[in-house]
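Me: I've just opened this one and I'm new to it. Can you walk me through a few spots?

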Amino acid sequence: MYLLSKIRETILCLKAGRVTLPYPVNPRPVPERFRGRPLFHPDKCIGCAGCANNCPAREILIADQCQEMRVVMYLGRRCTYCGRCADLCPEKAITMSHEYENATPKIADIRQDLEIWMGTCQRCGRCFKNAGPLDQLMMKGYRFDDLSAELWVYRSRAYLDKEPVVKDIDIELG
Amino acid sequence: MKGFVAAFFYSVLNLVLVLLVAPLFDGITRKVTAVVQSRKGPPITQSYIDLMKLLIKEDIEVGDSPVMQRFSALLSLAAILSVALLIPMGASAPLAGYADSILLIYLLTLAGTSVLLAGLAAGSPYSLIGMSREMMAMMTLEPLIAIAIIMAATHAASLRLDAVFGGAGYPGTHTPWSGILILGVIAFALQAFVGRMPFDVTEAETEIMEGPLMEYSGPKLALFKYARMAKMFVYTALFIALFVPRISTGFYLTDLLVFLAEQAVLMLVVTLIAATHARYRIDQVVRYYIILFILALLALLLAVLGS
Amino acid sequence: MGSRDILNKIRESYGASITRADIPADNRLLLFINRDSVKPLAGYLFRDLDARYCAGIGMDDRPYSGDFLVSHDFAFDRENVLASLIVPVPASDPKIPSISEVVPAASWSEREMRDLVGIMVEGCPNPKRLVLPDGWPEGNHPLRKDVPWNYVPEDFDDRKTYPFDDPPPGTTVVPFGPFHPTLDEPAHFRLYVEGEFVRGCEYRGFMVHRGIEKLADSVMTYNEIPMLAERICGICGCVHAVTYAQAVEQAAAVKPTPRSEFIRTLMLEIERLHSHALWVGLAAHILGFDTLFMQSFRIREPIMWLAEKITGNRKTYALCLIGGVRWDITPDLRAEIRRVLDRIEKEWKGVFDAVKGDRNIMARSKGIGLTDKQLVKDFSLLGPIARAAGVDIDARRDHPYAAYDKVEFNVVTQEGGDVWARIVVRVLEVFESIRIIRQCLEKMPEGPILAEPAAELPAGRIGTSSVEAPRGEAHHFVVTGEENRPRRWRVRAPTYQNLQAIPAMIKDQRLADMTISLGSIDPCFSCTDRMEIVDIRTGEMRVWSREELQAGTTTITRRRS
């Protein structure tokens with residue numbers, strides 16, 4: 001009985017054959033829904049900042065350079081590949097690609113910068129298309145994330161502010 | 001003078017054989033284990049590459065007794081290689097005219113104590129635990145091979161090596177009960193002698209972090225690993241020398257090939273058993289050895305009584 | 001018996017202590033009581049009404065109500081009720097009597113309350129730090145609302161050490177962890193060893209505490225937290241995301257769509273499959289049986305590929321949102337799931353048949369890591385550990401959530417309470433999970449997979465949820481808040497309760513069995529201590545500070561060129 005279970009185990013093992021895959025010599029394809037590196041398409045982006053508002057890792061920064069120019073910066077360092085940005089984008093400008101071999105010694109390889117030419121809303125200076133009450137940080141207007149320090153700053157205003165932003169977690173509505 | 005030259009020549013041959021072939025056998029072991037585990041496994045030459053990699057690393061010493069650490073590493077390989085000089089591998093034992101079975105038993109025990117020295121020299125809590133386990137295991141295990149050799153000597157009525165080897169385990173005339181008994185004992189203990197599952201208590205990786213060998217790295221670890229591979233080779237050779245009747249065709253090379261084939265079969269059995277078993281705890285292991293020890297004493301008694 | 005009946009029963013004996021009672025649903029009960037009656041009432045619930053202790057939560061509610069809040073959560077398994085004893089603690093006098101004497105399972109929760117929120121628990125049997133590192137300055141409590149989320153204290157004292165107890169006489173100290181091949185995560189068990197036997201142990205953990213709860217109530221929003229929650233654990237991520245979503249849905253009275261409930265159930269069971277297969281492999285590896293380890297992982301791999309096909313990732317499913325799920329099960333996926341399940345079932349049956357008569361494994365696991373029903377009750381042990389000791393609890397059946405009330409399954413129990421019983425329980429639960437997934441595929445209704453809330457979620461509501469993770473019951477406590485994020489989110493993972501029983505489990509066992517006993521609770525620490533040097537000969541101990549460590553690594557190693 002003891003020997004029998006050992007023989008059974010050995011037969012189990014030998015019936016299975018060898019399962020080692022020849023990766024990385026051969027490429028390994030991924031299924032359709034696989035969430036790899038997000039790719040941002042500047043042609044489709046309307047600069048609504050929905051992706052930035054809902055990134056759990058706060059890795060997408062928004063800063064308004066002037067009345068007409070908004071910079072969207074995807075840093076990608078702490079990106080968790082959750083795909084919320086792609087879900088929420090109203091223009092489908094973000095796709096979750098199938099790239100998973102993303103290791104690189106240069107962090108700049110992962111970063112994606114978009115410069116968006118913006119139209120002006122007469123009332124508030126900017127508009128954001130809500131996806132739902134749970135998908136907004138209620139930040140309307142001009143945005144001032146700290147691009148050089150690569151930090152999120154919870155501050156927005158109805159007007160462009162030339163002063164450097166110092167405080168954090170200070171949401172001003174409208 | 002001629003005898004001396006022949007002895008020297010065959011000694012070198014034995015040493016080269018052990019040093020060259022032991023890592024190859026280890027590679028085959030790993031490959032067979034991998035097949036059982038449904039994976040591809042490392043290439044057969046991997047053990048050579050591992051040893052080379054360890055040998056070129058920086059030799060770092062930790063702790064209070066670096067000299068003892070160096071000594072135990074060298075001793076482990078040296079002791080096993082000395083045993084290799086006393087075992088026939090395709091020809092008769094090289095130093096058969098210069099040594100007897102008592103020396104063989106001493107050298108086997110010395111090889112076992114090198115691990116104890118290693119654990120003591122390292123001095124960390126886990127290596128001391130591993131060392132105390134090894135000591136308990138050794139005290140009940142080493143006598144088994146000693147009894148086997150002495151029993152063969154009893155049958156051959158001589159302590160000379162060439163009398164003891166060559167199937168002297170079975171006396172010529174009647175049913176060799178003692179021979180069969182001791183064959184069974186050593187067969188069941190072979191797994192333990194070469195330190196494989198289910199008896200690799202001392203090197204229990206997941207329980208005590210490699211035990212006595214925890215503090216060793218680089219060239220010293222290479223020596224310990226080499227000693228372990230050589231141990232597998234030497235103990236299987238000893239088993240064949242004691243229990244398998246020698247087939248002598250007259251040509252050294254064919255004898256050698258037959259010998260290596262016999263070893264390979266033995267090694268395969270050891271590997272398969274190792275791959276399909278979990279590790280036993282030290283108290284279960286010691287209990288197992290004690291039963292074997294009692295059986296071995298019984299076999300010796302039968303041998304002395306002439307059976 | 002629902003929550004109303006339980007409330008009436010409590011009112012009979014302790015009516016005077018209850019200041020307010022809320023019944024948000026038939027299976028929830030919120031009792032607001034005053035401080036002095038917390039200990040007798042907790043004892044009454046635990047002993048007389050035979051409730052199970054879930055978690056203790058400390059909360060800084062000063063910006064809203066002016067007080068601290070302490071909640072002791074209890075579960076009535078036979079009556080399907082989760083009850084919370086909520087005690088307001090005035091900010092001027094943040095003290096509360098300890099309930100650890102009558103409810104031993106509460107000891108860690110109380111120490112955590114003290115460390116993180118600063119509520120002094122009087123009469124706590126073990127008043128040492130639990131969560132905060134040793135050098136963290138006194139009087140500084142991170143979960144308070146006035147401490148910013150990215151606060152780094154300047155007066156962090158590197159040289160401060162943890163005051164371990166003295167070893168019992170005649171024993172030597174063997175440090176187990178923070179680095180050990182068996183442990184995937186760092187934890188420190190200070191074992192007191194006599195010969196080969198362990199006589200006692202002291203645990204110092206929380207080395208990988210990441211401040212998740214603080215992030216959730218300061219920085220993240222409701223729909224982002226599930227992405228964080230699924231990273232609490234390296235194996236049971238879906239569980240925490242679902243528990244959180246359910247707690248918020250219960251608090252804000254949001255009903256997820258029926259189809260999404262079935263999808264959540266399906267993904268939870270897929271997670272249970274891969275977790276149990278992984279555990280069997282891990283236990284085999286600890287016992288030195290590498291072949292069973294390799295085979296378990298080979299059998300498990302198609303489940304990971306299946307999860308990747310459904311959700312886009314092998315483990316972090318990114319599945320839950322408030323009100324539903326993100327990924328739908330298409331007809332192709334249905335067929336794929338059925339194929340994978342058939343294959344897994346066949347192979348797992350082969351493993352079970354081979355292993356159940358294996359005396360070699362039994363020799364290493366029978367009689368090891370014993371727990372009895374009293375230990376399970378006292379420390380509120382959960383999951384396969386409780387079920388292997390013969391205690392019939394399972395949150396899927398006792399507190400049905402998602403679609404579990406619509407599927408049939410058995411709860412696997414064994415008598416024995418040792419490692420072998422736990423192995424058998426987990427192997428058999430795999431077959432039950434396969435059965436549940438098949439039923440989900442048949443019974444799943446058509447419809448949308450996400451019910452977006454139409455308005456903002458109301459603030460100040462309390463919600464709790466219990467979900468059966470592969471390791472036991474995971475319990476979350478949420479208070480909804482302003483600005484699209486909760487005011488407090490407390491995660492109590494099952495290993496939190498199970499770890500408290502380790503000193504009792506390994507007492508008078510051999511050192512060699514320490515690892516498999518620890519491994520059998522399937523620990524998921526997701527928890528850095530400094531190096532401690534113990535001189536076995538003199539018994540002298542010294543802890544190295546960071547400077548000494550850095551200096552030591554260069555001088556103690558002599559180089560040979």
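Me: Which backbone nitrogen lies 3.4 Å from a polar atom of the side chain of Ser97(A)?
Reply: That of Glu99(A). Before going on: this is a predicted model, where local features need pLDDT of at least 70 and side-chain atom pairs count only at pLDDT 80 or more, while totals for chains, interfaces and linings use all residues. Residues are numbered from 1 along each chain as its sequence is written, chains are lettered from A and ligands numbered from 1 in the order written, and side-chain values use heavy atoms, leaving out hydrogens and water.

Me: OK. Is Ser97(A) buried or exposed?
Reply: Ser97(A) is buried, at a relative accessible area of 10% (buried is under 20%, exposed over 50%, partly exposed in between, with a 1.4 Å probe and protein chains only). You'll find Ser97(A) in the loop between β4 (94-96) and β5 (112-117) of chain A; strands are DSSP E runs of at least two residues, and helices are H or I runs of at least four, numbered from the N terminus.

Me: And what is Ser97(A) in contact with, leaving aside neighbours within four places in sequence?
Reply: Phe34(A), Arg35(A), Gly36(A), Arg37(A) and Leu39(A). Contact means heavy atoms within 4.5 Å.

Me: Switching topic: how many residues does each chain put into the contact between A and C?
Reply: Chain A gives 36 and chain C gives 49. How many salt bridges? The count between them is two (a side-chain nitrogen of Lys or Arg within 4 Å of a carboxyl oxygen of Asp or Glu). One joins the side chains of Arg58(A) and Glu224(C), 3.0 Å from N to O.

Me: Which helix of chain A gives the most to the side that touches chain C?
Reply: α1(A), with eight residues. The elements giving two or more residues there are α1 (2-16), α2 (50-54) and α3 (84-88) of chain A.

Me: What about the rings, how many aromatic pairs are there over all chains?
Reply: There are 25. Rings of Phe, Tyr and Trp (its six-membered ring) pair if their centres lie within 6.5 Å; planes under 30 degrees apart are stacked, over 60 edge-to-face, and the rest tilted. Take Trp108(C) and Tyr496(C): their centres are 5.3 Å apart and their planes at 85°, so they are edge-to-face.

Me: Why does that pair tie together parts 388 residues apart in sequence?
Reply: Because Trp108(C) is in helix α4 (residues 107-116) and Tyr496(C) in helix α16 (residues 494-499) of chain C.

Definitions and conventions
A polar contact is a pair of N or O atoms within 3.5 Å; within protein, one must be able to donate a hydrogen and the other to accept it, and residues adjacent in sequence count only if both atoms are side-chain atoms.
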